[in-house]
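Subject: Structure handover

Hello,

Here is the structure I promised to pass on. Please open it first, then read my notes below.

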Amino acid sequence: MLKRVTFEPGAVLCREGEPADVAYFLERGEVDLTAFGDTHKIFSGDVCGEAALLGSSYHATAVAVSEVEALSASREDLLQIIYTDPQKAELFFDCVIRKVAALYRTLDRLKNEQAQPAAQEDRLVG
């Protein structure tokens, strides 16, 4: 079911745009997660690659900053966890919800940045 994996610093756990086939539950280490031009760190207790649950492509690139120990899970593994282990499912969804919230904050910031130049142009023309 879950497989323990180790990544050396600089190793890519997943790459934006590639087919999402595995999610990683970080047990130890630090990972830089880059999406929409923003990078933030994730640590033990976090998840990356959760797009594997959807069978889509990865939405971010994850790179190990330090040595990382993680548990990898395929879509089938994730579904099995969700259906059979409510505590692990709750932890997984808590991580996913935090990441979705961060994604919305990033989208709001990008939308505001895009609106600011338009507002400045309106003032110059008017």
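Helices (H or I, at least four residues) and strands (E, at least two) are DSSP runs, numbered from the N terminus. This is a predicted model, in which local features need pLDDT of at least 70 and side-chain atom pairs count only at pLDDT 80 or more, while totals for chains, interfaces and linings use all residues. Residues are numbered from 1 along each chain as its sequence is written, and side-chain values use heavy atoms, with hydrogens and water left out.

Overall layout

The protein chain has eight strands and two helices. Their order from the N terminus is β-β-β-β-β-β-β-β-α-α. The radius of gyration is 17 Å, well over the 14 Å that the globule rule gives for 126 residues, so the protein chain is more spread out than a compact globule. (That radius is taken over C-alpha atoms; the globule rule is 2.2 Å times the number of residues to the power 0.38.) Along the principal axes, the C-alpha atoms fill a box of roughly 65 × 30 × 25 Å.

Of the 126 residues in the protein chain, 34% are buried. Buried means under 20% relative accessible area, exposed over 50%, and partly exposed in between (1.4 Å probe, protein chains only). Contact means heavy atoms within 4.5 Å. Take the contacts between residues at least 6 apart in sequence: 75% join residues at least 24 apart.

Surface and charge

The protein chain exposes about 7900 Å², and carbon and sulfur atoms supply 55% of it. Areas come from the Shrake-Rupley method with a 1.4 Å probe; for residues, only the protein chains shown count as cover. There are 13 positive and 21 negative side chains. Lys and Arg count as positive, Asp and Glu as negative; His and the chain ends are not counted. The centres of the two sets lie 1 Å apart, with each charge placed at NZ of Lys, CZ of Arg, CG of Asp or CD of Glu.

The aromatic pair

Rings of Phe, Tyr and Trp (its six-membered ring) pair if their centres lie within 6.5 Å; planes under 30 degrees apart count as stacked, over 60 as edge-to-face and the rest as tilted. By this rule there is one aromatic pair. F7 and Y24 form it edge-to-face, at 5.3 Å centre to centre and 85 degrees between the planes. The pair links distant parts of the chain: F7 sits in strand β1 (residues 3-7) and Y24 in strand β3 (residues 23-28), 17 residues apart. F7 is buried at 13% relative accessible area. Y24 is buried too, at 10%.

What does F7 touch, not counting residues up to four places away in sequence? The list is V12, L13, Y24, A64, S66, E67 and V68. V47, 40 residues from F7 in sequence, is 15 Å away, C-alpha to C-alpha.

Two loop residues

E8 lies in the loop between β1 and β2 (12-14). E8 is partly exposed, at 48% relative accessibility. Leaving aside neighbours within four places in sequence, E8 is in contact with A64, S66 and E67. E8 and V68 are 60 residues apart in sequence, yet 6.6 Å apart in space, C-alpha to C-alpha.

F36 is in the loop between β4 (30-35) and β5 (38-43). F36 is partly exposed, with a relative accessible area of 45%. Beyond residues up to four places away in sequence, F36 touches L103, T106, L107 and L110. The C-alpha atoms of F36 and Q116 are separated by 18 Å, and the two are 80 residues apart along the chain.

Best wishes
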